[in-house]
Amino acid sequence: MRIIVADDEYFARKAIVQMIADWDPDIEIIEAEDGAAALEAVETLSPELLLTDIRMPGMDGIRLAALIQERGLRTPVAIISGFDDFSYAQQAIKYKVENYLLKPIDRQELYPLLDRWKYLQARSREAARESALADAVYGEETTGAELVAEPGLYAQTAVIRSSSGRLAALTKSAKEWIAKRCVDGLIVPDKHEAGLLVIWACYRSESMDETGGLKFMCDTYVRQAAEEAGETVTAAGVSSLFTEPHRLEEAYKQAKTAALQSALTEGGQTVQGTELAAQYPYDALALREWTDAFRRKTDKLQAQEAVEMIRQWLDEAVARSYSAFMLQDWFATVVNLLNALAGRLPGDAGTGFIAWRGLFEYASPKALGDDLAAWLHKIVERVKENESKADIVEHLKQYVDENYKSRIVLEELAASAYFVDPSYLSRLFKRKCGMGFAQYVLTVRMQKAKRILERDPSLSVADVATEVGFNDYSYFIQMYKKVYGETPGKFRSGHSPGGQP
């Protein structure tokens with residue numbers, strides 16, 4: 001770590017250098033006699049802190065701070081000034097000066113500043129490493145090699161779920177655990193799932209995996225959480241040991257799947273990634289048979305029976321320790337089938353499709369079952385309601401067939417007979433029949449008129465118009481020709497008894 005001390009007064013500069021050396025003998029201290037030399041040192045050496053006097057020949061401390069900001073240099077600046085210069089030094093606020101120290105400087109003023117600087121530097125380095133860890137576990141722009149402090153270490157990743165109120169305590173405990181037992185380690189929140197922590201730790205010996213590594217830490221935390229909360233509120237998974245930094249993403253995925261498996265396990269026990277394939281089965285045939293039976297229930301809108309199937313499957317998944325991969329596939333299947341059922345609803349009656357949700361959002365299999373049951377009941381209820389309303393259309397068609405001679409107004413029927421909004425009934429009718437209501441009434445009347453013209457030559461065309469509900473004789477002829485391409489009279493002359501025109 002480097003600090004630059006810039007002061008044209010030799011003895012004042014040496015006094016500051018000695019105090020810094022006494023504070024931490026490992027600090028690299030660079031001296032500068034003026035502002036120009038200090039600026040050059042900042043640009044070439046990128047120190048972590050610059051302590052500069054305010055009055056120096058050539059370039060004073062204010063101008064130096066201004067140039068550091070203008071050139072985009074990241075070195076923080078602290079101004080040293082005499083009492084008479086203090087108001088002048090305050091001008092440096094706009095140049096993001098870190099602090100002001102009055103001459104003559106004593107240790108009681110300097111050391112708190114250095115302590116704060118050291119803390120901020122440590123936090124900055126930790127934040128950078130946490131960012132690098134996050135990039136590595138999600139496969140983004142880094143291999144994770146820069147995280148490893150020394151070669152030959154064994155690395156392991158854990159994923160723990162906890163209630164939001166316990167995450168801060170868990171993070172603190174994990175950091176203390178890593179500091180005492182591990183060579184290195186980092187903790188970051190999972191960016192895809194709320195309530196999850198990703199913990200990465202390095203050991204010198206692979207025996208740590210069984211004698212005090214992340215699994216032991218997870219077991220301890222899970223047990224404490226269960227005792228304090230009175231119930232299992234956690235899920236924890238631990239990856240295999242890896243010596244290759246580039247396998248951080250693989251370790252993360254393994255630990256996260258193991259944590260999901262833990263959520264399915266009675267008692268919330270920590271699950272190791274090495275156990276996933278051997279101890280937790282994936283029964284593809286059982287899943288396929290269940291899916292076929294569940295589809296039949298939902299197709300028939302048998303909501304209660306379908307809900308019972310969901311709950312029974314989740315109970316069986318826990319009892320038989322089904323694989324977390326099987327649970328994920330089952331969950332995706334149920335969501336897809338429910339969305340297919342919702343697809344039977346028209347746009348104006350729809351519930352909206354179920355968006356994919358991470359399984360870690362559910363505290364337990366029961367909570368997952370409750371959520372799916374609620375969605376299923378809601379969708380089935382809407383489908384039944386919509387299909388019962390669709391029967392209105394059949395009734396309305398029957399009404400037209402029986403009352404085509406009379407005045408028929410959709411708005412009046414909607415209000416007095418069906419008690420629905422007229423615009424909704426109009427849309428429903430058109431969607432069901434493929435034509436608007438007025439067009440349907442006209443079609444029915446034209447069909448009736450054509451039939452009368454063919455079968456009853458004793459009625460005049462005017463009588464036929466009245467018979468099928470037209471009060472305007474001319475309009476009837478106009479509509480008949482529009483529908484059939486010829487006038488009623490011409491049609492009749494071409495279809496008179498005996499086939500004579």
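**A sheet, its helices and an enclosed cavity**

Ala-235 in strand 9 is the bridge partner of Arg-161. Here, strands (E, at least two residues) and helices (H or I, at least four residues) are DSSP runs, numbered from the N terminus. The structure is a predicted model, in which local features need pLDDT of at least 70 and side-chain atom pairs count only at pLDDT 80 or more, while totals for chains, interfaces and linings use all residues. Residues are numbered from 1 along each chain as its sequence is written, and side-chain values use heavy atoms, with hydrogens and water left out.

Strand 6 (residues 154–161) pairs with strand 9 (residues 235–238) over 4 bridges, in the antiparallel sense; two strands count as paired if DSSP finds at least two bridges between them. Both belong to an open sheet of 5 strands, whose order is 7-8-6-9-10 and whose pairing is mixed. At its edges stand strand 7 (184–189) and strand 10 (271–272), each of which pairs on one side only.

Helices pack on this sheet. Helix 6 (residues 167–181) lies across strand 6, strand 7 and strand 8 (196–203), and runs at about 170° to strand 7. Such angles run from 0 to 180 degrees between N-to-C directions, with axes fitted as lines to C-alpha atoms, for helices over the stretch in contact. Helix 9 (residues 248–264) touches strand 6, strand 8, strand 9 and strand 10, and its direction makes about 145° with that of strand 9.

Within strand 6 lies Thr-157. Thr-157 counts as buried because its relative accessibility is 1%; buried means under 20% relative accessible area, with a 1.4 Å probe and protein chains only. Leaving aside residues up to four places away in sequence, Thr-157 touches, among others, Val-198, Trp-200, Gly-237, Leu-248 and Ala-255, where contact means heavy atoms within 4.5 Å.

A cavity is a set of points, on a 1 Å grid over the protein atoms alone, where a 1.4 Å probe fits but cannot get out; lining residues have an atom within 4 Å of a point. Of the 13 residues lining the largest cavity, Ala-263, Leu-327, Leu-359, Ser-364 and Pro-365 are the closest to its centre. Helix 9 gives the most to this lining, with 3 residues.

Across the chain as a whole there are 20 helices and 10 strands, and 45% of the 501 residues count as buried.

Conventions:
Buried means under 20% relative accessible area, exposed over 50%, partly exposed in between (1.4 Å probe, protein chains only). On a 1 Å grid over the protein atoms alone, a cavity is a set of points where a 1.4 Å probe fits but cannot get out, and a pocket is an open set with protein on both sides within 12 Å along at least five of seven lines; lining residues have an atom within 4 Å of a point.
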